Amino acid sequence: LAGYNDDVEHQVRFRLERLCMRCGDADGGDGEKVACEDATRMPPTIAVVNWYMRQLDAHELRTKFVSSAILALVGDVCAQKVGHFMSVRSVGSSNSLLRLDKRRMMAMFIDGLVCTGPL
């Protein structure tokens with residue numbers, strides 16, 4: 001597992017270096033080169049990945065628990081939406097409102113946090 005994490009970290013660092021090279025070559029419009037550290041030029045996805053990797057380094061287990069819980073919650077919401085879409089499609093009613101089952105969502109969140117996350 002340690003080798004896998006090192007490989008992922010290497011890939012992320014390589015992609016960030018490539019982004020910095022592109023960012024450093026960019027022209028700011030007034031003839032000046034744009035510095036890679038300029039936060040306004042960094043895409044939000046890269047900023048989120050940087051933040052997530054720092055959290056993994058600082059608090060590995062906590063980050064994995066919370067990530068697992070959030071993914072379980074998002075997966076359950078998607079499953080409920082697909083189920084609703086399929087039932088509306090089969091019945092043919094277009095004015096049916098989607099009501100998310102909050103108890104089921106909380107159960108999936110807790111399952112991801114307590115059961116799936118520690119694995």
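This is a predicted model: local features need pLDDT of at least 70, side-chain atom pairs count only at pLDDT 80 or more; totals for chains, interfaces and linings use all residues.

With a relative accessible area of 38%, R104 is partly exposed.

The side chain of R104 forms a salt bridge with that of D76, with N and O 2.6 Å apart. R104 belongs to helix α4, residues 102-116, while D76 belongs to helix α3, so this pair ties together parts that lie 28 residues apart in sequence. D76 has a relative accessible area of 5% and is therefore buried, because buried means under 20%. Side chains of opposite charge can pair when their charged atoms come close.

D76 has a further partner. Its side chain is joined to the side chain of Q80 by a polar contact of 2.8 Å. Q80 sits in helix α3, which covers residues 60-91. Its relative accessibility is 9%, so Q80 counts as buried. Leaving aside residues up to four places away in sequence, Q80 touches L98, R99, L100, D101, R104 and M105.

How many salt bridges does a search of the whole structure find? The search finds 2. Besides the pair already described, K64 forms a salt bridge with E60, where the closest N and O atoms are 3.0 Å apart. K64 and E60 are 4 residues apart in helix α3, which means that about one helical turn separates them. K64 counts as partly exposed at 30% relative accessibility, and E60 is partly exposed with a relative accessible area of 39%.

Definitions and conventions:
Residues are numbered from 1 along each chain as its sequence is written. Side-chain values use heavy atoms; hydrogens and water are left out. Helices (H or I, at least four residues) and strands (E, at least two) are DSSP runs, numbered from the N terminus. Buried means under 20% relative accessible area, exposed over 50%, partly exposed in between (1.4 Å probe, protein chains only). A polar contact is a pair of N or O atoms within 3.5 Å; within protein, one must be able to donate a hydrogen and the other to accept it, and residues adjacent in sequence count only if both atoms are side-chain atoms. Contact means heavy atoms within 4.5 Å. A salt bridge is a side-chain nitrogen of Lys or Arg within 4 Å of a carboxyl oxygen of Asp or Glu.
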